[in-house]
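I'll jot down what I look up as I go.

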Amino acid sequence: MAKLYFKYGAMGCSKTAQALITKFNYEERGMKVMLIKPMTDTRDGLNNVQSRIGLSAPALSVPLDCNLYALYAGEYRSSDVIIVDECQFLTPEQVDELGQIVIDFNVPVLCFGLATDFLTHLFPGSRRLFEIAESISEIKSVCRCGAKATVNARFDDNGNVLYHGEQVCLGGNGRYQAMCRRCWLTRRAEQEAKGIYT
């Protein structure tokens, strides 16, 4: 039986690389892959998925008002598997549509993305995946101190960790860093002791 999978982790844990390796594995066995990403993610081009280690592949960029069930049932029905990168940017409705594809068409859907934002709050798409996915697994990452990284710390242009702002702000290694919660909170206390309130 096919499943809805949610594979999540902090930034830099190789989520996108694993999504692309999974795509390669399916294609190597002669299967057709529907690779999609939410249109919110424009860092590496609208119709491209690229990992930090240099792997890349063309992808279908879907807007937030796209009905993924209708999209798959129409022109992409011949796909044997759906792989979603940056799934945290999906709407809860789109996650439900992916879940219905699994049930109605017996097609596996593998979603790769973040669980939480830079303030440790769940993204709406990730929350819905935690609620309905049949398989949930964490891709682990490490903080600079050696502890498990769970926070996607966002930095300003002066190297200060930000503790306020909009949930979505695209960026790579220069804007974000995976940290453990202890280091994240310690950094906040250090900045506030210096009068830096971000």
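**Entry 1: the end of a helix.** I began at N106, which follows α3 and has a positive phi, near 55 degrees. Before going on, I noted that this is a predicted model, where local features need pLDDT of at least 70 and side-chain atom pairs count only at pLDDT 80 or more, while totals for chains, interfaces and linings use all residues. Residues are numbered from 1 along each chain as its sequence is written, and side-chain values use heavy atoms, with hydrogens and water left out.

**Entry 2: helix α3.** I looked up what counts as a helix or strand: both are DSSP runs numbered from the N terminus, helices being H or I with at least four residues and strands E with at least two. At 1.5 Å a residue, the 14 residues of α3 should span 20 Å, and the end C-alpha atoms are 20 Å apart, which agrees. The expected span is 1.5 Å times one less than the number of residues.

Which residues of α3 are buried? I found Q94, V95, E97, L98, G99, I101 and V102. Buried means under 20% relative accessible area, exposed means over 50%, and partly exposed is in between (1.4 Å probe, protein chains only). These buried residues pack against β1, α2 (68-73), β6 (81-85), β7 and α4.

**Entry 3: Q94.** I picked out Q94, which lies in α3, residues 92-105. Its relative accessible area is 1%, so Q94 is buried. Leaving aside residues up to four places away in sequence, I see Q94 touching P63, L64, C66 and L68; contact here means heavy atoms within 4.5 Å.

**Entry 4: helix α4.** In α4 (residues 124-132), I noted G125, S126 and L129 as buried. They sit on the same side of α4 because they cover an arc of only 95 degrees around the axis. That arc is taken from the directions from the helix axis to the C-beta atoms. The cover over them includes β1 (4-8), α3, β7 (109-113) and β8 (135-138).

**Entry 5: salt bridges.** How many salt bridges does a search of the whole structure find? It finds 7, each being a side-chain nitrogen of Lys or Arg within 4 Å of a carboxyl oxygen of Asp or Glu.

I looked at E27 and K23, whose side chains meet at 2.7 Å, N to O. They are 4 residues apart in α1 (residues 15-28), so about one helical turn separates them. An α-helix has 3.6 residues a turn, so residues three or four places apart point the same way. E27 is partly exposed at 36% relative accessibility, whereas K23 is buried at 12%.

Next I checked R29 and E28, with the closest N and O atoms of their salt bridge 3.8 Å apart. Both R29 and E28 are exposed.

R128 is partly exposed, with a relative accessible area of 24%. I also found D96 linked with R128 and E131 in a network of salt bridges.

**Entry 6: a nonpolar patch.** Last, I found I21, I53 and L55 making a nonpolar surface patch of about 290 Å². L55 lies in the loop between β3 (48-50) and β4 (56-58), and L55 is partly exposed, with a relative accessible area of 34%.

Notes
Patches are made of residues with over 30% relative accessible area and no salt bridge: like charges are joined within 9 Å, nonpolar side chains (Val, Leu, Ile, Met, Phe, Trp, Tyr) within 5 Å. Accessible areas come from the Shrake-Rupley method with a 1.4 Å probe; for residues, only the protein chains shown count as cover.
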